[in-house]
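Let's take a friendly walk through this protein, starting with its aromatic rings and then moving out to the cores and domains. Keep the model open beside you as you read.

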Amino acid sequence: MTLKRNLTTAGDPAADTASHDLDDLTLEVPDVVELDTPREGVPFVISTDAGLQRCAAALAAGTGPVAVDAERSSGFRYGQRAFLVQIRREGAGTWLIDPEPFEDLEPIQAALVGSEWILHASTQDLPCLSELGLWPSALFDTELAARLAGLPRVGLAAVIEQLLGFRLAKEHSAADWSTRPLPEPWLKYAALDVEVLIELREELIELLSSQGKLEFALEEFQAILDAGVAPPRKEPWRRTSGMHQIRDRRQLAAVRQLWLEREDLARKRDVAPGRLLPDSALIAAARAMPTTVPQLIATRGFDGRAAQREAPRWLRALMSARDTEDLPPLHLPTNAPPPPRAWADKDPVAAARLTTARQALTDLAAEWDMPVENLLTPDHLRRLMWRPPTELNSESVDAALAELGARSWQRKLTVPLLLEALLHPQPESPAA
């Protein structure tokens, strides 16, 4: 049974592959095969020091890149820590590690120093892996590679089916991975998540190379590693869903106090905050500002047993918000441009620049068969068009994009058209 899904370009072989389009590909694939059993069977879960040392020794003796995945328990437990780590390497097989018994996974990190790690949607897993002392020396992100290659669907199961001809079940992706012991069907699912990542990497490298995009991808992967894990957000309570309903600073203080109280309780109980109170309940209570338990229980979102049991806690938080003189500002200062919908009124010339540049980028992204947001980060575009360099030339535009964080391949492709948009913005056509 072959693992490879052959792709052959139709038409003139001398055609420019830089504007490679998947519609021009014929996919020579047999009937899709269900990928339902790991090659070497379902591995035992490593949960002892001796087992961890055996795993590290096997991985160190393996060769080539390393397929890595992690399972979290989002929606069930507090935080985003990993409750299972899956690793596969040629010559070592697949290993499943329970991180909970260990302070960190340093033996695994030491065994894999210098190797390339393959992850799908790496920015989702790298933070929880870093908490365990795991960080790759080099990275290949199959999800990002699939985006750059122009694949129509970029979820792991979809990419595997499109390029390798296997159907991968994803029915346990939202499971509570803090469950112990983990059911065997879940372990089988977890092992299969890294089963063909190495072969998938090879196929994506071949596809990206044929499109002239491999160097783009490698630069993107390195940028992810260089960025590291994002620092904690300042005032994360401001991201409470429904915050647009809050009208004054006293209500905002109530959201803050309720959020902080919920966070503290969730941390102590090791439970997802939303399982204690949904965000909608925080917003509703902040708007109503109830003063008694019956009033609180009548507030939307406080009808669950957990919410009612902790009613005095929530009332104390609301009382603190009513009494505080430390009222947070409704809006934090920012140097970001205004929403694009407001540009026409605030600065019609900037609005014309943005419209012209957006159309040019859309056309260029279509030529390169990739999402326009991968060609250039939308925030970078907005900032450049709102406040362009004083002196407009290729060097100044390139420098401005570099300062914003645009990669060299992005700047090389986009600077000429962005400069044209800055110098010669096209006014929007009047409404008919």
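Six aromatic pairs are present in this predicted structure. Rings of Phe, Tyr and Trp (its six-membered ring) count as a pair if their centres lie within 6.5 Å; planes under 30 degrees apart are called stacked, over 60 edge-to-face, and the rest tilted. Because the planes of Trp 177 and Trp 186 meet at 55°, with the ring centres 5.5 Å apart, that pair is tilted.

| Pair | Centre to centre | Angle between planes | Type |
|---|---|---|---|
| Trp 177 and Trp 186 | 5.5 Å | 55° | tilted |

Helices here are DSSP runs of H or I with at least four residues, and strands are runs of E with at least two, numbered from the N terminus. Phe 216 and Trp 409 are both buried, and so are Trp 177 and Trp 186. Buried means under 20% relative accessible area, exposed over 50%, and partly exposed in between (1.4 Å probe, protein chains only).

Trp 177 and Trp 186 also belong to one aromatic cluster with Tyr 189. Among the buried residues of helix α6 (residues 184–192) are Trp 186 and Tyr 189. The buried residues of α6 pack against strands β3 (33–35), β4 (45–46), β5 (63–72), β6 (82–90), β7 (93–97) and β10 (166–168).

A few words on how to read the values: residues are numbered from 1 along each chain as its sequence is written, and side-chain values use heavy atoms, with hydrogens and water left out. As this is a predicted model, local features need pLDDT of at least 70 and side-chain atom pairs count only at pLDDT 80 or more, while totals for chains, interfaces and linings use all residues.

Now for the wider picture. The protein has 20 helices and ten strands, and 48% of its 432 residues are buried. The protein is divided into domain 1 (33–227), domain 2 (236–323) and domain 3 (340–424), with bounds taken from an automatic or database domain assignment. The C-alpha centres of domain 1 and domain 3 are 35 Å apart. Their contact (heavy atoms within 4.5 Å) takes twelve residues from domain 1 and ten residues from domain 3.

Where does the largest nonpolar core lie? The core has 89 residues, and those with the most contacts inside it are Ile 97, Leu 105, Ile 108, Leu 200, Met 385 and Leu 418. Domain 1 and domain 3 both give residues to this core, so it lies between them. A nonpolar core is a set of buried Ala, Val, Leu, Ile, Met, Phe, Trp, Tyr and Cys residues joined through side-chain atoms within 4.5 Å. A second, separate core of 30 residues includes Trp 237, Leu 252, Ile 283 and Ala 321.

Finally, an unreviewed UniProt entry lists residues 248–328 as "domain: HRDC"; such annotations may be inferred rather than shown by experiment, and positions follow the numbering used here, with feature names shortened. In the model, this span is 72% helix and 0% strand, and its end C-alpha atoms lie 10 Å apart.
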